[in-house]
Amino acid sequence: MKKNDVIPLKAYTDPKWFDLEMEHIFSKTWYYAGLMEDISEPGQFKCIQAGLNSIIIVMGRDFRLRAFHNMCRHKGTQLLRAEGKAQKSITCPYHDWTYDLEGDLISVPKMSAEFANLDKTCLGLKRASVDIWRGMLWVHPEENPISITEWFAPVENLLGPHQVEHLVEAKDYKVVEEINANWKIVVENYIDHYHLAQLHSGTLNMYDHAKAEFGFAGPHFAFWEPLDEEYAANLEKHTSMPLIDHIPKDQLGAYVPMLFPGIGLGESEAAWSVFHVIPIAVDKTRVEVRTKVMPASDWEFAKYSMRSASFWMKRIKPKYATEDSKHPLGSADFMQEDIYVCEQQQKSFQSPYFELGPSAEYGESPVREHQKVVLEYLKPFVPEK
Ligand code: FES
Ligand SMILES: [Fe+2]
């Protein structure tokens, strides 16, 4: 029987572990920064908290994306917040040092009086990296990191055939959830095959979990499962949204990879989503989900939704039939089901009476693999068991 002890329980409850993960995982790897269309014109910028690093992505007047550490070279004040549009330059709010969109320092108030012999050319913004991969923006705190294609090369061929740049964002489908659980519990739940047929028996039954194929490729997890036969039998009538038109028939199904660290994708027959796991504290994680679909009119979407309603009415069921309208397991919403079990685990992990049980040989193998990847990053910094 497989033991469940790749990493110790305190990795989920001890703030020191959390700090090490922020420093050695989230601050040293490519970090998801949004969809490529988030920045499309010169001056447009977006600030990203990538682990311990605050990074600005800005489009220059030459339409090139650049990334800088979001700290003034004078005394470190953060230059920009959130997202927006800079005109031709970026000015620090504290003493008005000003940088152009290429990161060069261009003006310093009272320069000759206050700073004799200041060489502005040495005080440009610290450079980070930005790249686009599969329609998404990514940042890295180093100026010359491993390339994004190399970083994702092990998993690239195991992802869906979705042409992300040809899909459009469904803004109504944006989800932000604060989950009272450690980020690894959220990731482990995402990659756990064992729970799919149980916890989600009434909500994710449009895929054939018994035929799922999955495993790790480098630090990344790849997963695919085909459509359930009954659903697939009349897919055009059963789908609640227009089907993505460029997916070959034999590749229909759900691709649900988890890119390291904490970027889940949900690539299905009718939608493409990015599930961004953002660690906030050792026992708190924010998840932001953005979804893209086929470009089609509201009428078209309404048509699919109405046409498929009776199929889904029969098929989607809550885990528990409960009178309590607020109970997550009565919601018939798979995300609420997942959040519920993640939060309940976190509570138990904090109990002195808790002991982890055995780990499912096949269905929970990705959980153990993910823990090995985490441990690989942290090994030099945590004491041996
Ligand atoms: S800290 Fe930015 S100008 Fe002083
Ligand atoms: Fe789940």
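Which residues coordinate the iron ion (ligand 2)? In this predicted model, the donors are His195 (NE2), His200 (NE2), Asp338 (OD) and Asp338 (OD), at 2.1 to 2.5 Å. Along the chain, these donors follow the spacing H-x4-H-x137-D. His200 sits in the loop between helix H5 (196-199) and strand E13 (213-217), and Asp338 sits in helix H9 (residues 334-349), so the pair ties together parts that are 138 residues apart in sequence.

Two of the coordinating residues can be set side by side.

| Residue | Relative accessible area | State |
|---|---|---|
| His200 | 1% | buried |
| Asp338 | 14% | buried |

Now to the strands. E13 runs antiparallel to E14, and 5 bridges join them. Phe216 has Phe221 in E14 as its bridge partner. The hairpin of E13 and E14 has 2 residues between the strands. There, Gly218 takes a positive phi near 65 degrees.

E14 also pairs with strand E15 (residues 254-255). These two run antiparallel as well, joined by 2 bridges. Glu225 stands opposite Ala254 in E15.

How many residues of strand E14 (residues 220-225) are buried? The count is 6 of the 6, so the strand is largely enclosed by the rest of the structure. His220, Ala222 and Trp224 point one way from E14. Phe221, Phe223 and Glu225 point the other way. Both sets are buried.

How values were computed
Residues numbered from 1 in each chain as written. Chains lettered and ligands numbered in written order. Predicted model: local features only at pLDDT ≥ 70, side-chain atom pairs only at ≥ 80, totals over all residues. Heavy atoms only, no water. Donors = N, O, S within 2.8 Å, 3.2 Å for Na, K, Ca; no water. Helix = DSSP H or I, 4+ residues; strand = E, 2+ residues; numbered from the N terminus. Buried < 20%, exposed > 50% of the residue type's maximum accessible area, 1.4 Å probe, protein only. Pairing = 2+ DSSP bridges.
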